[in-house]
Amino acid sequence: MEPSEFSQLERLARKRGSSLSDLMREAARAQFLAPVDGSHRTRAALKFLSLPDAVLPEWDVLKKELENRR
């Protein structure tokens with residue numbers, strides 16, 4: 001960890017009235033140990049699937065464009 005990052009975390013812990021260790025444990029639990037809530041992923045997937053189909057050019061036009069980019 002960079003010294004500046006460490007200092008920022010120390011300041012944050014002091015501001016919250018907790019120790020740096022408590023802050024780090026809380027962050028680790030939230031990031032790595034919390035159960036994954038799939039509801040936001042489900043909403044994102046449903047939103048994506050509800051988007052209208054993209055209009056693509058005919059295959060021969062698309063193929064030529066892809067070949068020209070190489």
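Here is a short chat about helix packing and salt bridges in a predicted model.

Trainee: Before we dig in, which pLDDT limits apply here?
Mentor: Residues are numbered from 1 along each chain as its sequence is written, and side-chain values use heavy atoms, with hydrogens and water left out. Totals for chains, interfaces and linings use all residues, while local features need pLDDT of at least 70 and side-chain atom pairs count only at pLDDT 80 or more.

Trainee: Which residue forms a salt bridge with Glu26?
Mentor: A salt bridge needs a side-chain nitrogen of Lys or Arg within 4 Å of a carboxyl oxygen of Asp or Glu. Glu26 sits in helix 2 and its partner in helix 1, so the pair ties together parts ten residues apart in sequence. With the closest N and O atoms 2.9 Å apart, the partner is Arg16.

Trainee: Is Arg69 buried or exposed?
Mentor: The side chain of Arg69 meets Glu65 in a salt bridge at 2.8 Å, N to O. Buried means under 20% relative accessible area, exposed over 50%, partly exposed in between (1.4 Å probe, protein chains only). At 65% relative accessibility, Arg69 counts as exposed.

Conventions:
Helix = DSSP H or I, 4+ residues; strand = E, 2+ residues; numbered from the N terminus.
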